[in-house]
Amino acid sequence: DGVEKMSKSLNNAIGVLDAPGDMYGKIMSIPDALLWSYYELLTDVPAAEIAAKKKAIEGGANPRDAKAELARTITAQFHDEAAAERAQEDFRRAFTRGEVPADLETRELSAAEAGTAAKALVALGLAASMREARRKIAEGALRLYAEPAGEPTEIRDPDLDLSDLSDPSRGGADAVVLRLGRRFIRAVWKR
């Protein structure tokens, strides 16, 4: 973030073992002011080319384009070009077009674990505690997409009962996609 030390506990570190989509998304969320440091320290892009990009942005070009190029370059370095391309497309699908990414992490969730929206976030590892889950939901950070990917529903009630979603006899689906911030997870109901 350019202010605090990089650490997992502050949730501002980009791990070399992060999945391509996570790595790409984290790089896209860095502040614009750090863009040039990342280019200089983490890529083999020549200094003249970095200076030209910086000048273009100072002249009114959108920094998002330079950041997307940076994210793709770094992701390809630690994974491969195909993984970087998929990560870029998934990022665009999710954050530009509001669609569900094609490459999603899938986790199983029992009806008992699902219970409420807050319990589901903790069970899926999207929140470290019930307090954190409840806070994030109350802030409007949780979206639910019914399978197959439909329009998202904003969830603001941490006590919302998800049991109807996991019970086919009540019209529930076999899986739902939960989006918390920039993270998407497909929750498949255990039978």
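**Exercise 1. The largest nonpolar core**

Which residues touch the most other members in the largest nonpolar core?

*Solution.* This is a predicted model, in which local features need pLDDT of at least 70 and side-chain atom pairs count only at pLDDT 80 or more, while totals for chains, interfaces and linings use all residues. Residues are numbered from 1 along each chain as its sequence is written, and side-chain values use heavy atoms, with hydrogens and water left out.

Step 1. A nonpolar core is a set of buried Ala, Val, Leu, Ile, Met, Phe, Trp, Tyr and Cys residues joined through side-chain atoms within 4.5 Å. Buried means under 20% relative accessible area, exposed means over 50%, and partly exposed lies in between (1.4 Å probe, protein chains only).

Step 2. The largest core has 21 residues, of which Leu109, Leu121, Leu124, Leu126, Ile137, Leu142 and Leu178 touch the most other members.

Step 3. Two or more residues each come from α7 (117-123), α8 (130-138), β2 (142-146), β4 (175-180) and β5 (183-189). Helices (H or I, at least four residues) and strands (E, at least two) are DSSP runs, numbered from the N terminus. The most is given by α7, with four residues.

Step 4. A second, separate core has 20 residues, including Ile30, Tyr39, Ala71 and Ala87.

**Exercise 2. Strand β4**

*Solution.* Step 1. Six of the six residues of β4 are buried, so the strand is largely enclosed by the rest of the structure.

Step 1. Consider each face: Ala175, Val177 and Arg179 are buried on one side, and Val176, Leu178 and Leu180 are buried on the other.

Step 2. The pairing of β4 with β5 is antiparallel, over six bridges; two strands pair if DSSP finds at least two bridges between them. Within this pairing, Arg179 stands opposite Phe184 in β5.

Step 3. The two strands form a hairpin with two residues between them, and Gly181 in the turn has a positive phi of about 65 degrees.

**Exercise 3. The two sides of helix α2**

Which residues of helix α2 are buried, and which are exposed?

*Solution.* Step 1. Helix α2 spans residues 35-42, and Leu35, Trp36, Tyr38 and Tyr39 are buried in it.

Step 1. Viewed down the axis of α2, these buried residues fall within an arc of 160 degrees, so they line one face of the helix. The arc is that of the directions from the helix axis to the C-beta atoms.

Step 2. A general rule applies here: an α-helix has 3.6 residues a turn, so residues three or four places apart point the same way.

Step 3. Glu40 and Leu41, on the other side of α2, are exposed. The buried residues of α2 pack against α3 (47-58) and α4 (63-78), where contact means heavy atoms within 4.5 Å.
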